[in-house]
Amino acid sequence: MADYKAPLRDMRFVLNEVFEVSKLWAQLPALADVVDEDTAAAILEEAGKITGGVIAPLNRSGDEEGCSWADGAVKTPAGFREAYQAYADGGWVGVGGDPLFGGMGMPKAISAQVEEMVNSANLSFGLYPMLTAGACLSINAHASEELKEKYLPNMYSGLWAGSMCLTEPHAGTDLGIIRTKAEPQADGSYKISGTKIFITGGEHDLTENIIHLVLAKLPDAPAGPKGISLFLVPKIMVNADGSLAEQNALSCGSIEHKMGIKASATCVMNFDGATGWIVDAPNKGLAAMFTMMNYERLGVGIQGLSLGERSYQNAVEYARDRIQSRAPTGPQAKDKAADPIIVHPDVRRMLLTMKALNEGGRAFSSYVAMQLDTAKFSEDATTRKRADELVALLTPVAKAFLTDMALETTVHGQQIFGGHGFIREWGQEQLIRDCRITQIYEGTNGIQALDLVGRKVVGSGGAFYQHFADEIKAFTDSADASLAEFVNPLKEAIANLELMTADLLARAKANPNEVGAASVEYLQVFGYTAYAYMWALMARTALAKQGQDEFYVSKLGTARFYFARLLPRIHSLTASVKAGSESLYLLDAAQF
């Protein structure tokens, strides 16, 4: 397996040349004196070093060894504790954290690139700091000053970790039916009782404490999701002076034995009257949780992209070295017994598909990250509102489409290796196994599609969608004639999406089944169209600089491949959307 090399050149291209993100930072007072192009470059360079040199070498050994559980304690694979300490010492756990409590204060556009690097290097490892960062987001946005001051500094520093405890054995997507209870105490604390499952990093040996955020219901809570509250529950109690006290009344009952991400501890957590403190107000738990959910769902999309990038790096190195058969046009490596497989059309098809989807995904995830930064830091109410609505619209697309494309990409990477791709020591099959969970957790991709169509498109009467469509149309209307080969198919794609959206809005009024029947294919069409916009933007930059070096020539060639071979997929998907829901209900349940 190839050594992992962070794609820093492409990250700089996207941030600095395509989006000119430093101009956005300069317009946001909270960021203007914190980060610029040079600062960002230095941060990403250092992130590339630690992820490639310290974390990536543990990826396969971590998968082989996995986590182990005994008497409530979880042991992570060899090398993980030392690597986590090095990662924490570099400040990477708090890269996007609030500087008031020791975070680095970087915008999401930067932390998104760091996330990609650490997850490409080792997804199982990357989940530990990711869950900590997510817990910190909710605490910082919703907890009391006392709780923030007590817990955030040690979480940002990596001394303590965090977890999010949502799912229960009977309650996954439908959190409104959770049974975990929170009973108020005279001192203002609560006693938390219940069982949570699928808790990433619920127990491990990387840090001296773990701070759990737990969804639970108060005794007088209304039924359903409106009755959910959020509680901060430390594994080990913390004294007033910040020192550690006794173990809280909680334990890890077991860990799951999984298809992938084996070095990430996925725990069953039992809370047996554990002491906790409410975050925000009673019955406001879902709002507090969703503060981190937009960030986390983008983060899961980036996980998919990360695995696709790692698979591509392995596959392209293999395709250049592996010799099999001769090129269709005749021998290319005449000094060898056969040609490298990169000469064969089908191998090139797979490699270009991987490259186009990875680079399109990196641009799209960076674009969404910029909207998150604008929504958080802009001082203009209208600008914030537009960015908020774009984030709401695009988050389910980022989570679902990036991870769907990642599975395709990792499978292509395995296929290029042939039989060696099926053998564990080459590393490609692990990337597929690890990738599969990204389509499932943080809300399955089917749920993301329902969210996009039902809540964000139909629910807003098309208003959220219109922000994105208007931006694309403004770009195509102002584009130079030299961009016609990219702009014309993008115009057709957005016109197709416009018609499909209007038709779906109309049909949904008459038949509620239409939303669910169309949602997955609709999200896919949306995703391919969004990537087409990203590729048109990248092509504009590359076209102007193609004489400078081969990077831009490669970028243009990949853009042309995307428009020629991948964007046309929208036509069959559109036909499926237009077919409606009727065929889904031709069978009774017994006939399946």
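Predicted model: local features only at pLDDT ≥ 70, side-chain atom pairs only at ≥ 80, totals over all residues.

Me: Pockets to start with. How much space lies in the largest pocket?

Reply: About 1,200 Å³. Its lining has 46 residues, and Thr167, Gly172, Tyr441, Glu442 and Gly443 lie nearest the centre.

Me: Which element gives the largest share of that lining?

Reply: That's α10, with 9 residues. By class, the lining of the largest pocket splits into 23 nonpolar, 13 polar and 10 charged residues.

Me: And the second largest pocket, what volume does that have?

Reply: About 840 Å³. It is lined by 44 residues, with Gly96, Lys108, Leu137, Tyr295 and Lys376 closest to its centre.

Me: OK, switching to Arg433. Is it buried or exposed?

Reply: Arg433 counts as buried because its relative accessible area is 15%, and the cut-off for buried is under 20%. It sits in helix α13, residues 428–436.

Me: What does its side chain make polar contacts with?

Reply: The side chain of Asp63, at 2.8 Å, and the side chain of Glu429, at 2.7 Å. Leaving out residues up to four places away in sequence, Arg433 touches Asp63, Met259, Gly260 and Lys262.

Me: Last one: how many residues are in the largest nonpolar core?

Reply: 141, with Phe364 and Tyr522 among those having the most contacts inside it. Helix α17 gives the most to this core, 19 residues. Another core, of 30 residues, lies apart from it and includes Ile139 and Met293.

Note on methods. Residues numbered from 1 in each chain as written. Heavy atoms only, no water. Helix = DSSP H or I, 4+ residues; strand = E, 2+ residues; numbered from the N terminus. Buried < 20%, exposed > 50% of the residue type's maximum accessible area, 1.4 Å probe, protein only. Polar contact = N/O pair within 3.5 Å; in protein donor to acceptor, adjacent residues only side chain to side chain. Contact = heavy atoms within 4.5 Å. Core = buried A, V, L, I, M, F, W, Y, C linked by side-chain atoms within 4.5 Å. 1 Å grid on protein atoms, 1.4 Å probe; cavity = no way out; pocket = protein on both sides within 12 Å on 5 of 7 lines; lining within 4 Å. Points joined across faces, edges and corners; volume = space filled by probe spheres on them. Nonpolar A, V, L, I, M, F, W, Y, C, P; charged D, E, K, R; others polar.
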